[in-house]
Amino acid sequence: MSAAAHAPAQASRATAWKVCLAGMLTLSVAMGIGRFAFTPLLPMMLHEGSLNLQMGGWLATANYLGYFIGAMLCAFHRSNKPVPLIRGGLAATILLTLGMGLLHEDAMWLGLRLLSGVASAYVFVYTAGWCLQQLTQLKHPELGGVIFCGPGIGIALSGLLTGAMVTAGWLAASGWILFALISLALTALVWKTFNFDAGQAQAGPAAAQTQDARQESPAQKREVRQQVIAYGMAGFGYIITATFLPVIARQALPGSNWPDFFWPIFGFGVALGAFGATRLPVHGDQRLLLACSYIMQAAGVALSILLPNAIGFALSCLLLGLPFTAITLFAMREARRLRQSHASSLMGLMTAAYGIGQIAGPPLATALVHSSGSFTPSLCVAVAALLVGAVLYYRLTLSHKLEHKAA
């Protein structure tokens, strides 16, 4: 290949990486901080008495409910202008995170966490759709996994910083304010990137080939329904363990410092797994990758039951985290395969199903703990849900075979 022909390819790859990094930092803000910074900050808030455990549970539920509401709005609100929604969601995340540090009333906190869930769902759905679309047009879809490193980086960062705050004797309110400032800085870095649109330079015959989702066959409609259900199983299966693992670990390891590291281990696993997904074939059957990812998470949950010590919990967090956003990447690719240019509505519907799983998981787990006196039954339910999701995806690989395209 001549140097003249090689130069456009180099420029295209550099632009693709710019899109990836913008998506990664955006999801770090909306998911890693906007949604998940609450997890490591909760013990600080409990310790200083700014809220009790019951209110902590209500705040978590409010955020899950907001995420579900936001995802449903995305499913029914078709928009061909995602950038204003992404930017609006980022601005809202900054303000809502700041509000958690400045306001000190339970009712206000409930409203802030609810709205934060709505904002994070909007940012997630439209950022994923925008970035995957740009990467496809730039002919670098294999880099999509980089985007989904964002939540893991945000989770790991918030976990490590919270540990440092505890050591320094900070109050949780100061932690919320710091995370709002970090979110502001990251948002400023990516703001202008969303002005870019590869489609403006490549619009034409390829754009005309997109199939209208309203012309789906009955078989495609069945597959869409089954994929929505299967994706919801991931939300249910992971949330039970992610919500209660710190409590389980502290009960099993009294006086140990290990529980402080489990959340960052989970975050690093998320980032590592998402980046590793860039090495997997884009044109392979993503449903098979999803089935394998569910089995890996099920194994992670099972480890927390079978090996309730520091090594077991650390491996559990790692196995739970590695496929966490890789599952999202594979599922969003499936949404694009099934709905093409109308993928954002299906992405929203799948995210809403995931949100239902998140809402249903903790109350069921709490009820089982109260009736049995142990977390083991609820963790077994989580394992079962993940295995059911794996079976659903594997059955789809057999019943709805992909057409093999010529290279």
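Let's start in helix α12, residues 259–276. Trp263 and Phe266 both sit there, 3 residues apart, about one turn of the helix. A word of caution before we go on: this is a predicted model.

How are the two rings arranged? A pair of aromatic rings is described by the distance of the centres and the angle of the planes.

Buried or exposed? Trp263 has a relative accessible area of 11%, so Trp263 is buried. Phe266 is at 3%, and counts as buried too.

Now widen the view. Ring pairs join Trp263 and Phe266 with Phe36, Tyr231, Tyr238, Phe324 and Tyr354 in a cluster. Across the whole structure, a search finds 14 aromatic pairs.

Next, two helices that pack. Two packed helices are described by the angle between their axes and the distance between the axes. Take helix α2, residues 38–48, against α7. The angle is about 20°, and the axes are 8 Å apart. Angles under 35 degrees count as roughly parallel, so that is what we call α2 and α7. The crossing of α2 past α7 is right-handed.

Which residues make the contact? From α2, we have Pro40, Leu41 and Met44. From α7, we have Ser158, Gly159, Thr162, Met165 and Val166. Sort the residues of this α2 and α7 contact by class: 5 are nonpolar, 3 are polar, and no charged residues take part.

Stay with α7, which spans residues 150–168. Pro151 belongs to this helix. Its relative accessibility is 3%, so Pro151 counts as buried. What does Pro151 touch, beyond residues up to four places away in sequence? The list is Leu27, Ser28, Met31, Gly32, Val270 and Thr325. Look at Gly32 in particular. Pro151 and Gly32 are 119 residues apart in sequence. In space, their C-alpha atoms are 4.3 Å apart.

Last stop: helix α13, residues 286–306. Gln286 is in this helix. Is Gln286 buried or exposed? The relative accessible area is 3%, so Gln286 is buried. Setting aside neighbours within four places in sequence, Gln286 is in contact with Pro281, Phe330, Arg333 and Glu334.

Helices α2 and α7 are roughly parallel. Pro151 in α7 and Gln286 in α13 are buried.

How values were computed. Residues are numbered from 1 along each chain as its sequence is written. This is a predicted model: local features need pLDDT of at least 70, side-chain atom pairs count only at pLDDT 80 or more; totals for chains, interfaces and linings use all residues. Side-chain values use heavy atoms; hydrogens and water are left out. Helices (H or I, at least four residues) and strands (E, at least two) are DSSP runs, numbered from the N terminus. Buried means under 20% relative accessible area, exposed over 50%, partly exposed in between (1.4 Å probe, protein chains only). Contact means heavy atoms within 4.5 Å. Axes are lines fitted to C-alpha atoms, for helices over the stretch in contact, and angles run from 0 to 180 degrees between N-to-C directions. Angles under 35 degrees count as roughly parallel, over 145 as roughly antiparallel, 65 to 115 as roughly perpendicular and the rest as oblique. A crossing is left-handed if the near helix is turned anticlockwise from the far one by less than a right angle, and right-handed if clockwise. Ala, Val, Leu, Ile, Met, Phe, Trp, Tyr, Cys and Pro count as nonpolar, Asp, Glu, Lys and Arg as charged, and the others, Gly among them, as polar. Rings of Phe, Tyr and Trp (its six-membered ring) pair if their centres lie within 6.5 Å; planes under 30 degrees apart count as stacked, over 60 as edge-to-face and the rest as tilted.
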